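Take a look at the model before reading on.

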Number of protein chains: 2
Amino acid sequence: MLESEGSTEPLDNPLALESQICFALAVASRGVIGAYRSVLEPISLTHPQYLVMLALWQHEKLPMREIARLLRLEPATVSPLVKRLEALDYVTRTRSDSDERIVEVTLTDTGRELRKTAEAIPGTMMAKLGMDVDGVRELHAVMQKIIASVDAAAEAEG
Amino acid sequence: MLESEGSTEPLDNPLALESQICFALAVASRGVIGAYRSVLEPISLTHPQYLVMLALWQHEKLPMREIARLLRLEPATVSPLVKRLEALDYVTRTRSDSDERIVEVTLTDTGRELRKTAEAIPGTMMAKLGMDVDGVRELHAVMQKIIASVDAAAEAEG
DNA sequence: GAATATTACTTAGTGCCCTAATGGTTAGTG
DNA sequence: CACTAACCATTAGGGCACTAAGTAATATTC
């Protein structure tokens with residue numbers, strides 16, 4: 001009896017796997033990112049690379065710092081990630097003239113072209129996961145609350 | 001104008017970062033796992049290692065295969081993870097007598113002892129994230145729906 | 001104007017997560 | 001009985017995410 005899926009009372013044992021705040025969230029996140037894989041593979045993007053491209057399709061050109069802030073990642077994570085996008089010829093990296101500490105990331109023509117293909121992805125993913133616009137909005141609201149709690153906790157911790 | 005936090009209409013631009021099913025979920029998941037860090041650090045556990053320990057506190061002894069299934073991870077992910085737990089002297093790994101393909105993972109006395117300390121963690125985390133039992137239950141329900149959708153999509157894909 | 005602090009990015013190191021390939025072990029079939 | 005198929009665990013390799021430490025450029029302070 002190693003089944004755990006049938007539990008309807010997730011909190012009778014606080015140390016049960018199903019009772020953890022983190023577990024279902026982590027599984028769902030990994031699962032959804034995994035579901036993107038086959039959709040992103042044809043355009044040679046991983047999921048976080050796709051997120052960088054989304055940011056650039058919105059803003060055309062962004063400094064590294066801003067990409068990290070928008071994606072809520074450490075600069076040290078974004079740095080090699082953007083280098084791979086450069087290797088794919090989707091972006092270029094150039095030092096700013098006014099402040100040579102800053103590296104500006106800009107879409108190439110190839111990267112800009114890719115947007116047309118990418119426009120189908122949100123719809124594809126919603127269909128794939130059987131979600132509608134309201135479902136996405138609801139999920140977004142719940143996640144936003146969690147993120148706010150995490151931020152507050154991090155603030156309190158320093 | 002690089003702000004994105006103020007958006008109240010997440011779906012007016014389907015390619016906007018905030019409109020993605022994946023993005024808020026990934027940020028929330030990373031954030032919550034990050035919030036566990038300072039709580040797990042005193043007992044030398046990372047988050048996925050903690051999940052393995054939870055499974056073992058529930059079952060005392062599990063084959064590798066079963067840990068991977070319960071945690072929804074690939075066996076190749078669990079293998080080095082459990083080795084680190086063995087290095088910490090929290091678990092032992094022994095080949096099954098009846099089927100020598102199987103590696104049984106068992107709690108050591110140290111690992112069993114650790115449960116007492118760990119019993120405080122769920123409460124600590126709920127307090128830290130400002131959640132109550134109902135909040136956890138609600139989050140769990142929403143995540144369960146997502147996971148079911150992901151499973152259905154994976155099933156359809158083959 | 002020189003010393004100090006801050007900022008932007010990168011590198012190194014650890015761990016997680018996946019896919020693909022490998023090596024044993026068991027079970028099923030002619 | 002030998003052969004094949006299935007199964008379990010591991011290794012190898014790529015990418016992601018974090019922390020800590022390092023380099024270079026800009027700001028600040030005296």
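A polar contact here is a pair of N or O atoms within 3.5 Å. By that cut-off, A:Thr46 makes one with DNA strand D: an N or O atom of its side chain is 2.6 Å from a phosphate oxygen. Keep in mind that this is a predicted model.

**DNA strand D**

There are 24 residues around DNA strand D. Nearest are A:Thr46, A:Arg84, B:Arg65, B:Ser79 and B:Arg93. Which parts of DNA strand D come within 4 Å of the protein? Sugar or phosphate makes up 85% of those atoms, and bases make up the rest.

Both chains take part. From chain A, α2 (47–59) and α4 each supply at least two residues of the surface near DNA strand D. The most comes from α4(B), which gives four residues. By class, this surface has eight nonpolar, five polar and eleven charged residues.

**DNA strand C**

DNA strand C is surrounded by 23 residues. The closest are A:Arg65, A:Ser79, A:Arg93, B:Thr46 and B:Arg84. Of the atoms of DNA strand C that come within 4 Å of the protein, 80% belong to sugar and phosphate.

Chain A supplies at least two residues of the nearby surface from each of α1 (21–40), α3 (64–71) and α4 (75–87). The surface near DNA strand C divides into eight nonpolar, four polar and eleven charged residues.

**Contacts to phosphate oxygens**

| Residue | Protein atom | DNA strand | Distance |
|---|---|---|---|
| A:Val103 | polar backbone atom | C | 2.9 Å |
| B:Thr46 | side-chain N or O | C | 2.5 Å |
| B:Glu100 | backbone N or O | C | 3.1 Å |
| A:Thr46 | side-chain N or O | D | 2.6 Å |
| A:Thr77 | side-chain N or O | D | 3.2 Å |
| B:Lys83 | side-chain N or O | D | 3.0 Å |

**Helix α1 of chain B**

Helix α1 of chain B covers residues 21–40. At 1.5 Å a residue, its 20 residues should span 28 Å. The end C-alpha atoms are 29 Å apart, so the two values agree. Is α1(B) mostly covered or mostly uncovered? It is mostly covered, with 15 of its 20 residues buried.

Technical notes. Residues numbered from 1 in each chain as written. Chains lettered and ligands numbered in written order. Predicted model: local features only at pLDDT ≥ 70, side-chain atom pairs only at ≥ 80, totals over all residues. Heavy atoms only, no water. Near = heavy atom within 4 Å. Polar contact = N/O pair within 3.5 Å; in protein donor to acceptor, adjacent residues only side chain to side chain. Nonpolar A, V, L, I, M, F, W, Y, C, P; charged D, E, K, R; others polar. Expected span 1.5 Å × (residues − 1). Buried < 20%, exposed > 50% of the residue type's maximum accessible area, 1.4 Å probe, protein only.
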